[in-house]
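Here is a short tour of one protein model, written for someone just starting out. Have a look at the sequence and the structure, then read on.

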Amino acid sequence: MVLLATGGTISSRVQPAFGGATVAIDRGEQILGSLRSQPPYPVRVVDLFHEGSYLLTFGDMADICAKITDALSDPLVMGVVVTHGTDTMEETAFLADLTHDDPRPVVFTGAQRPADSAEPDGPDNLSRAIALAGSAAARERGVLLCFAGEIFPARGVRKAQTFDLHAFTNPDFGQAGFISAAGDIQMDDVLPRLDPLPLPSAGDGDDPRVDLVAAYPGADSLLLLASCGAGASGVVLQATGSGNANRVMCQAIADATAAGVVIVTSTRVQAGPVLPVYGHGGGKDLATAGAIPSGLLKPSQALVLLGLLLRLGMDREQIAQTFARHGAHPQPGSKSPRTQSIHHY
């Protein structure tokens with residue numbers, strides 16, 4: 001088993017040198033040493049970062065994914081556990097899932113309470129994640145997130161609570177199962193996996209700017225125009241409802257699309273798909289203006305997918321096709337754990 005430590009609350013303690021703020025400081029061996037009992041398998045620790053996940057860039061997330069691949073290059077490795085801050089765990093886990101090409105489990109976990117709290121939740125979360133990553137039941141399920149006994153697929157997972165121990169939810173793609181404190185695992189039906197996308201290597205091509213712009217009552221096109229003016233290659237619109245904005249933003253999106261900027265429409269709504277239905281600046285007009293619906297992918301993960309596809313050099317049509325696949329609701333009960341898809345680069 002390989003434990004990749006990246007920081008986050010699970011490694012954090014109050015530091016007087018930082019004005020009493022809580023900061024990530026513990027190394028992976030300290031996190032592993034906090035377990036109340038020995039792991040059932042030998043664990044090799046690799047320290048990558050000691051950062052709160054709110055500090056990570058796309059490049060940092062790609063580095064984590066590359067280290068996952070490196071760890072799995074050893075055929076003796078049963079699985080990989082990544083300790084990660086909860087703020088952006090949904091982004092990194094999704095990027096890892098998009099690029100994961102191995103039947104062995106990859107499990108993300110972390111904590112809501114720091115390591116020096118009176119009752120830290122990190123040791124229990126890590127213990128369960130290690131048990132899950134070594135389980136045959138977790139194979140061929142892509143990247144999983146294990147937190148407070150709940151198991152989620154990476155696609156669609158979202159942080160839903162700022163401090164509650166049950167921090168995550170996945171209303172569109174569902175829960176993958178549960179794991180008890182004793183390590184007993186209950187998994188739901190296998191959902192189809194999509195063929196993995198390549199992970200760009202460091203220094204491969206440009207590092208495109210991809211921004212997130214929100215629609216809200218009274219919003220104009222100023223922020224969208226500023227993003228395009230700053231050189232954005234892609235923009236995710238956090239729209240309202242089923243993917244709506246207004247006439248002013250719709251016109252700006254048409255202009256941006258004509259100039260070669262790829263626009264993807266997601267929604268601020270917790271669950272449900274983006275569908276082009278309404279006019280007068282609504283989703284139907286946004287689609288006509290060139291915006292690509294994100295399907296079930298919410299803004300955080302739509303941003304990750306768009307950033308990856310632009311780094312792979314995909315054009316707008318290829319990006320639209322990929323969003324249609326990854327944003328669609330998978331059908332459970334498939335005999336094959338992976339659906340077939342064709343990628344052109």
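## Arginine 27 and its partner

Arginine 27 has 45% relative accessibility, so it counts as partly exposed; that label sits between buried (under 20% relative accessible area) and exposed (over 50%), using a 1.4 Å probe and protein chains only. Its side chain meets that of aspartate 47 in a salt bridge, 3.4 Å from N to O. Aspartate 47 is in strand E4 (residues 44-51), while arginine 27 is in the loop between strand E3 (21-24) and helix H1 (28-33), so the pair ties together parts that are 20 residues apart in sequence. Aspartate 47 is partly exposed too, at 25% relative accessibility.

A salt bridge here means a side-chain nitrogen of Lys or Arg within 4 Å of a carboxyl oxygen of Asp or Glu. Helices (H or I, at least four residues) and strands (E, at least two) are DSSP runs, numbered from the N terminus.

## About the model

This is a predicted model, where local features need pLDDT of at least 70 and side-chain atom pairs count only at pLDDT 80 or more, while totals for chains, interfaces and linings use all residues. Residues are numbered from 1 along each chain as its sequence is written, and side-chain values use heavy atoms, with hydrogens and water left out.

How many salt bridges does the structure hold? There are 10. One of them joins the side chains of aspartate 87 and lysine 159, at 3.7 Å from N to O. Aspartate 87 lies in the loop between strand E5 (80-83) and helix H3 (89-99), and lysine 159 in strand E9 (residues 158-159), so this pair ties together parts 72 residues apart in sequence.

Glutamate 119 pairs up with arginine 113, their closest N and O atoms being 3.9 Å apart. Glutamate 119 counts as exposed at 58% relative accessibility, whereas arginine 113 is partly exposed at 32%.

## Helix H4

Is helix H4 mostly buried or exposed? Of its 12 residues, 10 are buried, so H4 is largely enclosed by the rest of the structure. The buried ones include Leu126, Arg128 and Ile130.

## Helices H5 and H6

Helix H5 (residues 222-229) and helix H6 (residues 247-258) pack at about 15°, with axes 9 Å apart. Axes are lines fitted to C-alpha atoms over the stretch in contact, and angles run from 0 to 180 degrees between N-to-C directions. H5 and H6 are therefore roughly parallel, a label for angles under 35 degrees.

Where they meet, Leu224, Leu225 and Cys228 in H5 contact Met249, Ala252, Ile253 and Ala256 in H6, contact being heavy atoms within 4.5 Å.

How values were computed. Parallel < 35°, antiparallel > 145°, perpendicular 65-115°, else oblique.
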